[in-house]
Amino acid sequence: MTKLNLLLLCGGGGAEHDISLISAQYIESQLTKLPRVKVHKVEMTQEGWHLNDGMRCHLDTDGMLCSKVEHTQIHYVVPCFHGFPGETGDIQSLLEITGLPYLGCGPEGSQICFNKITSKLWFDALGIPNTPYVFITDQNEKSMAHVAAFFAEHQAVFVKAASQGSSVGCYHVTEEEQLPKCIADAFTFSDQVLIEKAIKPRELEVAAFQVGEEIIVTKPGEIRCPEGSFYTFEEKYSEGSSSNTQIDVFDLSEEQVARIRDYAHQAFKQLRLKDMSRIDFFLTENGTILVNEINTFPGMTPISMFPKLIEHHGLAFHEYLASRITHATGRRVS
């Protein structure tokens, strides 16, 4: 039987390029377990698209992967990007033009979730509780006064670049004199900046994914960081990370678990997400549940929560990938 040509796109050239490559290695290892799939891995850099042997290539609008020696009809795409251009919706827009089916959320859902401000506005509209916040689009006197008043109310905040990965351009501010520099630094990553009340929560995460048309939300796992720290970029991805993930969380009440899963299901459905997401929550010291963010292409590194949660739910990760490919193409690959 003819194999399905699958394009694994990775890299991106942005701040999270190298992490995208690590995730791509894991995904490729899972896809190679599918006997009816042939994987064509392409790394995207600022200089262009490159096959494994370094040869330049591109994707035509008719779905052909073209290099100077070969043209291959692609049947399905796995865009493996953390940050730009995958989680921003740019690659998805390109794939919509080609008509190729692909893994993950569409352009609009990706863009909404990648922007921390628009996602929080959606949470507010849906009645899903989230951390108190303000946002600014410039650094003029009025905007800075707005931020200063917010800081005076809460005394400690997180300053975050609005359109970046969850830990890129993120600063914990406990002294008012730190605000101007941190805000200026955040603006170097994004043209909008979010300022959130800093809290000391437990960090809980669920995998929300689809099997067929059904939306499934796992029970929450937990990220545990060292005392006095938060889940920085280095803590997420460094080999020397002192944070750890806990798949089984036994000290949550049934009501808390149900509420987390309900909020996640509602967000996945109402934001018109597709295939997969990791949805992160805070549990405060007084038991309040707050949604933190939605990651439309979760980390796939050896310490990442998303694949662990799916497998803990009872579905091997390569079987999950096979189910999404089959659902999109109508062709069985396992």
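**A sheet and the helices around it**

Hi everyone, let's start with helix α2, residues 90–98, which lies across β1, β2, β3 (48–51), β4 (56–59) and β7 and runs at about 170 degrees to β7. Contact here means heavy atoms within 4.5 Å. Helices (H or I, at least four residues) and strands (E, at least two) are DSSP runs, numbered from the N terminus. Axes are lines fitted to C-alpha atoms, for helices over the stretch in contact, with angles from 0 to 180 degrees between N-to-C directions.

A word on the source: this is a predicted model, where local features need pLDDT of at least 70, side-chain atom pairs count only at pLDDT 80 or more, and totals for chains, interfaces and linings use all residues. Residues are numbered from 1 along each chain as its sequence is written, and side-chain values use heavy atoms, leaving out hydrogens and water.

Now the sheet. Seven strands make an open, mixed sheet in the order β6-β5-β4-β3-β2-β1-β7; strands pair if DSSP finds at least two bridges between them. β6 (71–73) and β7 (76–80) are at the edges with a single partner strand each, so one side of each has no neighbour in the sheet. Antiparallel to β6 runs β5 (residues 64–66), joined to β6 by three bridges. Methionine 64 has glutamine 73 in β6 as its bridge partner.

What does helix α1 meet in α10? Tyr26, Ile27, Gln30 and Leu31 of α1 touch Phe317, His318, Leu321 and Ile325 of α10. The axes of α1 and α10 (residues 317–329) come within 9 Å and cross at roughly 80 degrees.
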